[in-house]
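The reader may wish to keep the display at hand while following the text.

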Amino acid sequence: MPQLTVVVPAYNESDVLMVFHRRLSKVLDSLSLDCDVLYVDDGSKDDTWSIIEKLVADDPRTGAIKLSRNFGKEAAMTAGLDHVTADAAVVIDSDLQDPPELIPVLVEQWRAGFDVVYATRSAREGETGFKRFTAAAFYRSMNQLSDTAIPRDTGDFRLLSRRALDALAQLRERQRFMKGLFSWIGYRQTAVRYLREPRQAGTTKWNYWRLAQLAIEGITSFSTAPLRLATWVGIASAGLAFVYGFIVLIRALFYGDAVRGYPTLMLVILFLGGVQLLALGVIGEYLGRNYAESKRRPLYFIEEQRQPRKLH
């Protein structure tokens, strides 16, 4: 019988884990697959790990990994996928915004021959208009800037075949933008559309600051367009400065050098200084990522691990 592992990264999700597991269990019971669940506790500070241990004790097909600290969701997903030995894996959050009831549809597409089946949101319930606008703007900007096409309005909820998992395991960069990596490996991919529901309990861990950091991570990981933009802005600024300098020279030759133009001088200095700082900032982002990659530190450390009693 084909084997399926559901990987669930969790960080401070004690309020919703029990409800999530009940819904997920009903779905797995309906599948004609050998299923198990792998929870990854990303250094939670609440009772998430103790609840996961209870789930492991009560459900023989449930396993768990506890990371030594909070490494971030990208690393938590990587840890879970690294430990999958099944024929396919589903990645899903535990906040129930992504419905476990959609997993059979993902499995159906996998059995039809697709290696990556991703869930695309047709609507985003429970989110502000500003959040929906910024999310849409991010996905559309990424596709304009990156050579790798990233599906719009698509999160981490998806199914990966065995060969997709093996390909993903070879990508060990520390600066991880999983949505981009899922697309970069290629193979046959297809979408399943669904209505994203509001969070059932708890609070989101993704404030605008962390979302902005993730956006920067994605853009700098899969595009050199900001570097090219800095180059072109520098060329344009230098051209404008040259033209303005030529105009000043001509005026001085023909009309004399009156002591005027202090506001204009300050404007030019501040403009060119701002452009230079912008270019240095962009270069610094890429340099910092190269520095982090050069240290080649492990992506995560595991503090505890629980194997499912129902082993493959």
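Asn12 is placed in the loop that runs between β1 (3–10) and α1 (17–29). The model is a predicted one. Although Asn12 is not a glycine, its phi is positive, near 55 degrees.

| Residue | Relative accessible area | Class |
|---|---|---|
| Asn12 | 23% | partly exposed |
| Leu96 | 0% | buried |

Helix α2 spans residues 48–58, and its buried residues are Thr48, Trp49, Ile51, Ile52, Leu55 and Val56. These residues lie on the same side of α2, because they cover an arc of only 160 degrees around the axis. In general, an α-helix has 3.6 residues a turn, so residues three or four places apart point the same way. The partners against which the buried residues of α2 pack are β1, α1, β2 (34–41), β3 (62–67) and β8 (302–306).

The largest nonpolar core comprises 36 residues, of which Leu4, Tyr39, Ile103, Phe157 and Leu159 touch the most other members. Apart from this core lies another, of 29 residues, including Val40, Val84, Ala164 and Ala167.

Which residues is Phe157 in contact with, leaving aside its neighbours within four places in sequence? They are Val90, Val91, Ile92, Asp98, Pro99, Leu102, Ile103, Leu106, Tyr118, Ala119 and Tyr194.

Conventions: Residues numbered from 1 in each chain as written. Predicted model: local features only at pLDDT ≥ 70, side-chain atom pairs only at ≥ 80, totals over all residues. Heavy atoms only, no water. Helix = DSSP H or I, 4+ residues; strand = E, 2+ residues; numbered from the N terminus. Buried < 20%, exposed > 50% of the residue type's maximum accessible area, 1.4 Å probe, protein only. Arc of directions from axis to C-beta. Contact = heavy atoms within 4.5 Å. Core = buried A, V, L, I, M, F, W, Y, C linked by side-chain atoms within 4.5 Å.
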